[in-house]
Amino acid sequence: MNFILASTSPRRKELLGLIVPEFICETPQFDESLIEIKQAKEKALVLSREKCKDVASRCADKNAVIIASDTVVDLDGEILEKPEDMADAYIMIKSLSGNRHKVHTAVTVWCRGIYYTFADTTEVYMDKIPEEIILEYINTDEPYDKAGGYAIQGFMAGYISRINGNYHNVVGLPLAKLNRLLKNVKAL
């Protein structure tokens, strides 16, 4: 079977490579701004399905396995998207500082014409981040292509005191659940 990752995220590519040795990447051409869902987990589920459907609709190989994913950060019911600018990144990191938030990652797999979708949730506990560190951080490139403005495996790793759930889920692809699904549908 040929595997297609419906993403160009370097983090998702690296993670998928741990369980699927060979795959290609396709960029979904779906406009995420069309989805105006206020519940974080539901939004992640819908976005992963739409990305997968978009790539599947353009795929000539009907035996391919397509994997799409979307991650949404949820701070007390407020969705934290990717920061638009430095001011937005500052507000996000300041609001996450010293608080617990949830990271929902949804995955949709298209295999033999059937869509399978699931979501995983991880609670992330962040220490209080000093003001000067926030200001230093938002002047880097790191916050601007990540939901919630941070990467658990990046600079902010030193301020994450603990997580309740799957680490890879926070990075952007819950590997254990995806691996089980791919084995259950006999794609692996």
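**Working through the model**

Me: How does Gly-17 count by relative accessibility?
Reply: Gly-17 counts as partly exposed, because its relative accessibility is 37%. Buried means under 20% relative accessible area, exposed means over 50%, and partly exposed lies in between, with a 1.4 Å probe and protein chains only.

Me: Before we continue, what are the ground rules?
Reply: This is a predicted model, in which local features need pLDDT of at least 70 and side-chain atom pairs count only at pLDDT 80 or more, while totals for chains, interfaces and linings use all residues. Residues are numbered from 1 along each chain as its sequence is written, and side-chain values use heavy atoms, with hydrogens and water left out.

Me: Back to Gly-17. Where is it found?
Reply: Gly-17 is in the loop between α1 (10-16) and β2 (24-25). Helices (H or I, at least four residues) and strands (E, at least two) are DSSP runs, numbered from the N terminus.

Me: Why does the radius of gyration agree with a compact globule?
Reply: A compact globule of 188 residues would have a radius of gyration near 16 Å, and the protein chain has 17 Å, so the two agree. The radius is taken over C-alpha atoms, and the globule rule is 2.2 Å times the number of residues to the power 0.38. The C-alpha trace spans about 50 × 30 × 25 Å along its principal axes.

Me: What share of the residues is buried?
Reply: Of the 188 residues in the protein chain, 49% are buried.

Me: And the contacts, what share joins residues at least 24 apart?
Reply: The share is 69%, taken among contacts between residues at least 6 apart in sequence. Contact means heavy atoms within 4.5 Å.

Me: Which residues of α4 are buried?
Reply: In α4 (residues 131-138), the buried residues are Ile-133, Ile-134, Tyr-137 and Ile-138. They lie on the same side of α4, because they cover an arc of only 125° around the axis. That arc is taken from the directions from the helix axis to the C-beta atoms.

Me: What covers them?
Reply: The cover of the buried residues of α4 includes α3 (86-96).

Me: A change of topic: where is Ala-68, and is it buried or exposed?
Reply: Ala-68 belongs to strand β3 (residues 65-75). Ala-68 counts as buried because its relative accessibility is 0%. Beyond its neighbours within four places in sequence, Ala-68 has contacts that include Ala-6, Cys-52 and Val-107.

Me: Which residues other than glycine have a positive phi?
Reply: Asp-76 is one of them, with phi of about 50°. Asp-76 sits in the loop between β3 and β4 (78-80), and it counts as exposed because its relative accessibility is 68%. Lys-186 also has a positive value, near 60°.
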